[in-house]
Number of protein chains: 2
Amino acid sequence: MEYARPIARLVDELTRLPGIGPKTAQRLAYFIVRMSSEQAHRLADAIVQARENTRQCSVCFNFTDVDPCRLCQPNSGRDRAVLCVVEEPKDVVAMERTRAFKGLYHVLHGAISPMEGIGPESLRIKELLARLQGGQVREVVLATDPNVEGEATAMYLARLLKPLGVKVTRMAHGMPVGGDLEYLDELTLARALEGRREL
Amino acid sequence: MEYARPIARLVDELTRLPGIGPKTAQRLAYFIVRMSSEQAHRLADAIVQARENTRQCSVCFNFTDVDPCRLCQPNSGRDRAVLCVVEEPKDVVAMERTRAFKGLYHVLHGAISPMEGIGPESLRIKELLARLQGGQVREVVLATDPNVEGEATAMYLARLLKPLGVKVTRMAHGMPVGGDLEYLDELTLARALEGRREL
């Protein structure tokens with residue numbers, strides 16, 4: 001009996017969250033106890049609302065509160081001929097922050113990983129194929145993560161999509177902007193050299 | 001418009017918590033969206049309950065759901081002649097984990113810090129003096145933090161309490177168990193030497 005019961009229960013719930021250990025949970029719990037009642041209710045309500053009012057867009061499978069999502073809606077002004085395929089909703093957020101992509105997205109909700117028992121059938125690949133049926137899509141940009149699972153997924157999709165006559169591209173590998181060349185791994189440097197461009 | 005609205009709102013609320021930046025808030029928000037509805041409601045409810053059903057014990061000022069708290073209740077089996085004075089409720093948790101202290105606590109809710117404008121009158125010092133009126137307390141252990149504010153608070157309290165005829169002690173300074181001597185600062189080593197004991 002170290003904590004008062006409501007605090008013990010809150011610490012317990014908070015430690016279920018990813019990356020929240022007992023120390024962080026304790027710090028958060030004591031902060032919440034000292035919040036105004038209104039703030040605590042607002043936080044609790046935001047949790048319930050996010051859970052209850054968010055679903056997957058029936059077109060791109062990104063998380064959304066309206067279906068189809070704001071990007072997939074006909075009047076969104078996006079280029080419907082280009083699809084960017086990403087692993088997770090958070091990757092859409094990262095791509096949108098660049099303001100460099102004007103097309104639509106397709107969220108796979110994972111990557112192929114035989115180690116974790118995730119095969120192509122666990123991902124939104126069937127749905128991606130269905131979207132290409134219309135013939136409206138000219139290019140599919142594969143923007144899965146630059147790691148083993150992401151590369152495997154990109155390779156799998158490339159082989160699957162090319163026969164459909166659609167242009168399939170992969171995000172470039174190379175030196176991250178602002179990095180130090182000496183700290184880059186050999187594979188990244190080799191890919192950067194391979195993809196060099198004339199100035 | 002990078003996030004769906006309910007997710008944006010949750011990220012916003014989560015970043016108000018201490019130590020939670022935008023990246024962590026995003027990770028937590030996407031985790032919460034994928035939780036079962038029951039789990040999300042349980043988390044939200046734990047937040048509201050912790051806020052609404054926790055108050056300060058009217059005796060020791062630790063956070064509690066019953067007043068007086070379980071430790072201060074007459075049948076708790078604790079030694080009512082020894083008071084351990086700490087800065088924060090989390091310090092009670094730390095002390096209780098040692099199972100080495102059998103007395104009662106007094107939570108100051110802070111330490112004297114002229115830099116932050118926290119004077120003795122902002123702390124539960126008046127209430128500590130009131131607890132000593134009964135004459136039941138033989139010893140007050142000062143367990144404020146071993147930093148500038150904590151030391152200043154301990155010195156202040158020692159000067160205040162000694163004239164009342166109560167024994168005032170301070171937690172020992174010295175080498176932390178399991179540490180490396182070579183990495184200890186000079187002040188800690190000097191205090192450890194000063195407080196050496198014959199074996």
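Is B:R16 buried, partly exposed or exposed? B:R16 is partly exposed, at 42% relative accessible area (buried is under 20%, exposed over 50%, partly exposed in between, with a 1.4 Å probe and protein chains only).

A quick word on the ground rules. This is a predicted model, where local features need pLDDT of at least 70, side-chain atom pairs count only at pLDDT 80 or more, and totals for chains, interfaces and linings use all residues. Residues are numbered from 1 along each chain as its sequence is written, chains are lettered from A in the order in which they are written, and side-chain values use heavy atoms, leaving out hydrogens and water.

Now for the salt bridges (a side-chain nitrogen of Lys or Arg within 4 Å of a carboxyl oxygen of Asp or Glu). Over all chains the count comes to 21. Here are some of them:

| Pair | N to O distance |
|---|---|
| A:R42 and A:E38 | 3.1 Å |
| B:D12 and B:R16 | 3.0 Å |
| B:E38 and B:R42 | 3.1 Å |

B:D12, the partner of B:R16, is partly exposed at 37%. In chain A, A:R42 is partly exposed at 28%, while A:E38 is exposed at 55%. That pair sits in helix α3 (residues 37-52) of chain A, 4 residues apart, or about one turn of the helix. Over in chain B, B:E38 is exposed at 55% and B:R42 partly exposed at 28%. B:E38 and B:R42 also belong to a salt-bridge network with A:D12, A:E13 and A:R16.

Notes: Helices (H or I, at least four residues) and strands (E, at least two) are DSSP runs, numbered from the N terminus.
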